[in-house]
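Please read the points below with the model open alongside.

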Amino acid sequence: MPSPILPISSHPSSSAPAATTVVKAKIDADRSATILISSKFDPEKAIPITPVLPRASSYNSTSNVNNNIVSFANNHQQRFLRTSIAFYYFFSRQVRRSIIYGEKPRNRLDLYLPKTSQGTKPVVAFITGGAWIIGYKAWGSLLGQQLSERDIIVACIDYRNFPQGTISDMVEDASQGISFICNNISEYGGDPNRIYLMGQSAGAHIAACTLVNQAIKETGEGDSVSWSVSQIKAYLGLSGGIVPAFSYSIMEGEDSLHQFSPEVLVQDSNVKPAVSLLPPVILFHGTADYSIPADASQNFADTLRRVGGKAESILYDGKTHTDLFLQDPMRGGRDEMFEDVVAIIHGEDEAALAKDAVAPPRRRLVPEFMLKLAHDVSPF
């Protein structure tokens, strides 16, 4: 359970105290965790795997040894493939890939469904990162798998990247994807009253822009909307924030930076009525993030609270831009940010929290030396 995290049962009031920042200490991973790959993928539902080597047919002792080696290799290969994220993404019955949500290129989303269909499930609408250039819905497959194992539906929304589109196109796509989820998720067992919007890196920026722009539309006169910010229980931003200088073309020129910088936009006095509509905002960030410094999340949370919103930033000591989204989930064991996210989503469900408390630790996906190397050499 995380230390104090905002309750999300109600939307923000017009007045609020100074922003809250929770700093999380880095926790060492379980070094004894199994090195081979994760997942609760059901091997009975896996497709047959072609053997790596042909089977020997001789009955002499040498052939028997060879057969044992081949059998071991085949079993190892099957275990590896059946538990890999790629295998899960392409072959699991719990993944619904490339559901069409709009008419534009890349208007597709992937759904990650829990194995159990009993009762309606909370939903995370997730927008992946990728520097506005290489974002892709499959980047959320690890998060989708792990959250679905906790009885949470995840919808990973794809969107046009630059130069196929600019930021207004990305926001339009994200809004259409969210609209599809709000209006159709009940057909997949989701609870339309428990939808959480989440974004990572550039995806966090796109999601925040989409949420603020939607609130502005709802305070306008005569603007028709296909979904409402009131349908979003909370916004969870991971390692998001500032708009870098290199992205002027993506952001449609310097004059448009005001419109597509949520922190700046919410300070506009004309936008204040829209701020009051926003759901609680919880921002997660690593203190060793050099791509987007943690100050970006802290400043955004400070600004939101100053103008009447409800926001909190949670910092993870020593974590980089990719640690929270890639290395830590691949490490296995207990992932603190993941547990914080799950605790927020299940915060009003005592039965789900009880299950979370006894959930088995996840297996390691990658050896520790590779994760440390990625931590040290990652350019992000």
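1. Ala131 counts as partly exposed because its relative accessibility is 30%; the class lies between buried, under 20% relative accessible area, and exposed, over 50% (1.4 Å probe, protein chains only). Ala131 belongs to the loop between β4 (121-127) and α3 (141-148). Helices (H or I, at least four residues) and strands (E, at least two) are DSSP runs, numbered from the N terminus. The phi of Ala131 is near 55°, a positive value in a residue other than glycine.

2. The model is predicted: local features need pLDDT of at least 70, side-chain atom pairs count only at pLDDT 80 or more, and totals for chains, interfaces and linings use all residues. Residues are numbered from 1 along each chain as its sequence is written, and side-chain values use heavy atoms, with hydrogens and water left out.

3. Ser201 also has a positive phi in a residue other than glycine, near 60°. This residue sits in the loop between β6 (190-200) and α5. Ser201 is buried, because its relative accessible area is 10%.

4. Which residues touch the most other members of the largest nonpolar core? They are Ile181, Leu197 and Tyr235, in a core of 54 residues. Such a core is a set of buried Ala, Val, Leu, Ile, Met, Phe, Trp, Tyr and Cys residues joined through side-chain atoms within 4.5 Å. Helix α5 (residues 202-219) supplies the largest share of this core, nine residues. A second, separate core has 30 residues, among them Phe126, Leu143, Met198 and Phe325.

5. Not counting residues up to four places away in sequence, Tyr235 touches residues including Leu197, Ala204, Leu211, Pro279 and Ile282.

6. Cys209 lies in helix α5 and is buried, because its relative accessible area is 2%. Once neighbours within four places in sequence are set aside, Cys209 is in contact with Val171, Phe260 and Pro262. Between Cys209 and Glu172 there are 37 residues of separation in sequence and 10.0 Å in space, C-alpha to C-alpha.

7. Ser179 is located in helix α4 (residues 167-184). Is this residue buried or exposed? Ser179 counts as buried because its relative accessibility is 11%. Not counting residues up to four places away in sequence, Ser179 touches Ser226 and Trp227.

8. Strand β3 (residues 108-112) is largely enclosed by the rest of the structure, because four of its five residues are buried. Strands count as paired if DSSP finds at least two bridges between them. Four bridges join β2 (residues 95-100) to β3 in an antiparallel arrangement, and Val95 stands opposite Tyr112 in β3. β3 and β5 also run antiparallel and are joined by four bridges; there, Asp110 has Cys156 in β5 as its bridge partner.

9. Helix α9 (residues 323-331) is mostly covered, with seven of its nine residues buried. The buried residues include Asp323, Asp328 and Arg331, together with Leu324 and Phe325. After α9 comes Gly332, which has a positive phi, near 80°.

Note on methods. Contact = heavy atoms within 4.5 Å.
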